[in-house]
Amino acid sequence: MELEVDLLIVGAGPTGLFAAYYAGFRDLSVALVDALPEAGGQITAMYPEKMIFDVAGFPAVRGRELVSALVQQADQWKPTYLLGRQARTLSEVDGRLEVGLADGGVVRAGAVLITAGIGEFRPRPLPAGDGWLDRGMVHFVPKLNVHTGQDVVVVGGGDSAFDWALALHPIAASVTIVHRRATFRAHPPTVRQVRELGVEIITDAEVLALRGDPDLTEVELGLKGGDRKVLPAQAVVAALGFTADLGPIESWGLELDHRAVLVDTTMRTARDRVYAAGDVAQYPGKVKLIATGFGEAATAVNNIAVLLNPEAHLFPGHSSNAG
């Protein structure tokens with residue numbers, strides 16, 4: 001696969017999706033590449049059912065609904081989506097940037113905008129879950145209705161574990177939280193809400209084994225003091241957190257600060273014609289919010305529009321005057 005576009009956006013989370021809309025508004029052809037199989041980035045993968053309260057214009061919006069609206073907004077300009085495909089290499093060929101994908105594909109672009117969020121994230125493994133992924137064990141719950149009527153065991157003590165328990169409680173036959181400690185990292189009001197719903201919480205416990213043939217039917221726990229307990233389960237949500245890094249982007253010749261890319265006030269990186277926006281971008285005073293990423297995306301795209309066409313105006317005019 002070879003593709004030519006004005007702008008390649010690396011990362012199809014909220015910032016990347018809004019950048020795709022804005023690039024279309026500036027009459028740029030756009031492609032988005034993301035290693036995840038669906039648009040929405042961390043929101044889609046980790047908390048699609050969670051309510052988000054800090055997006056302008058929405059008193060509250062469910063994660064998946066925000067992503068759906070962003071995709072609809074971007075799609076009016078017909079961007080090309082390259083999902084489930086990792087951007088691996090960045091080089092300059094004949095005055096254009098060339099990004100090589102892990103599957104051998106190549107995208108040539110006048111500019112690249114990195115909106116990779118926290119980078120590539122990998123779930124921390126559940127030792128007893130080895131070999132059970134997609135046979136009953138999951139790390140995230142993109143679609144709640146898959147677990148309708150199931151006995152679900154959620155492993156973990158952080159916000160994600162308790163958020164999944166809250167989301168699954170109305171539709172699952174049962175939900176049980178298992179945590180290896182007696183204290184939780186989750187937000188106390190969320191813990192209290194889960195307790196008030198009557199969700200069983202088993203602490204000072206670890207998952208010893210998952211059983212079933214071929215799919216999951218039960219989970220064995222080791223309890224404090226050496227006792228064991230077997231729970232019926234058709235699903236285990238291993239919400240044990242994740243590790244993240246920038247992956248191949250770290251080798252692209254950019255100035256980095258831990259897992260972030262340093263940018264100037266135009267969102268330009270240390271490499272010519274490469275920009276960054278959203279959580280992956282770093283500058284003094286940066287506040288990592290979805291709302292911040294939207295503004296940075298507009299700043300980056302408007303400056304890229306002038307870069308690609310010096311006769312263009314930095315200020316694009318108001319969208320309310322278009323069409």
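Select R181 to begin: with 33% relative accessibility, R181 counts as partly exposed, a class that lies between buried (under 20% relative accessible area) and exposed (over 50%), judged with a 1.4 Å probe and protein chains only. What you have open is a predicted model, in which local features need pLDDT of at least 70 and side-chain atom pairs count only at pLDDT 80 or more, while totals for chains, interfaces and linings use all residues. Residues are numbered from 1 along each chain as its sequence is written, and side-chain values use heavy atoms, with hydrogens and water left out.

**The positive patch**

R181 sits in the loop between β12 (174–178) and α5 (188–196), where helices (H or I, at least four residues) and strands (E, at least two) are DSSP runs numbered from the N terminus.

**Rings along helix α1**

Next, select F18 and Y21, which both lie in helix α1 (residues 14–25), three residues apart, or about one turn of the helix. Their rings form a tilted aromatic pair, 5.7 Å centre to centre and with 35 degrees between the planes. Rings of Phe, Tyr and Trp (its six-membered ring) pair if their centres lie within 6.5 Å, and planes under 30 degrees apart count as stacked, over 60 as edge-to-face and the rest as tilted. F18 and Y21 are both buried.

How are the rings of Y21 and Y22 arranged? Their centres are 6.1 Å apart and their planes stand at 90 degrees, so this pair is edge-to-face, and Y22, like Y21, is buried. If you extend the selection to F25 and F294, you will see the cluster that ring pairs build from F18, Y21, Y22, F25 and F294. Counted by this rule, there are seven aromatic pairs.

Now move to the charged side chains, where 13 salt bridges are counted, each one a side-chain nitrogen of Lys or Arg within 4 Å of a carboxyl oxygen of Asp or Glu. Select E92 and R273, whose side chains meet in a salt bridge at 3.2 Å, N to O. This pair links distant parts of the chain, with E92 in strand β6 (residues 87–93) and R273 in the loop between β20 (260–262) and β21 (274–276), 181 residues apart. Are E92 and R273 buried or exposed? E92 is exposed, with a relative accessible area of 51%, whereas R273 is buried at 11%. R273 also meets D272 in a salt bridge of 3.6 Å, N to O, and D272 counts as partly exposed at 47% relative accessibility.

Then select R228 and E220, which form a salt bridge with their closest N and O atoms 2.9 Å apart. R228 counts as exposed at 61% relative accessibility, while E220, at 8%, counts as buried. Salt bridges with shared partners join R228 and E220 with R211 and E218 into one network.

**Backbone stops**

Most residues other than glycine have a negative phi, and most peptide bonds are trans. With that in mind, select D213 and P214, where the peptide bond from D213 to P214 is cis, with omega near 0 degrees; P214 lies in the loop between β14 (205–211) and β15 (218–223).

Which value does phi take at D27? It is positive, near 65 degrees, in a residue other than glycine. D27 is in the loop between α1 and β2 (30–34), and at 68% relative accessibility D27 counts as exposed. D134, likewise not a glycine, has a positive phi of about 70 degrees; D134 belongs to the loop between β9 (120–123) and β10 (137–138), and counts as exposed at 69% relative accessibility.

**Last stop**

Finish at A244 in strand β18 (residues 242–245), which counts as buried at 15% relative accessibility. Draw a distance from A244 to G84: they are 160 residues apart in sequence and 17 Å apart in space, C-alpha to C-alpha.
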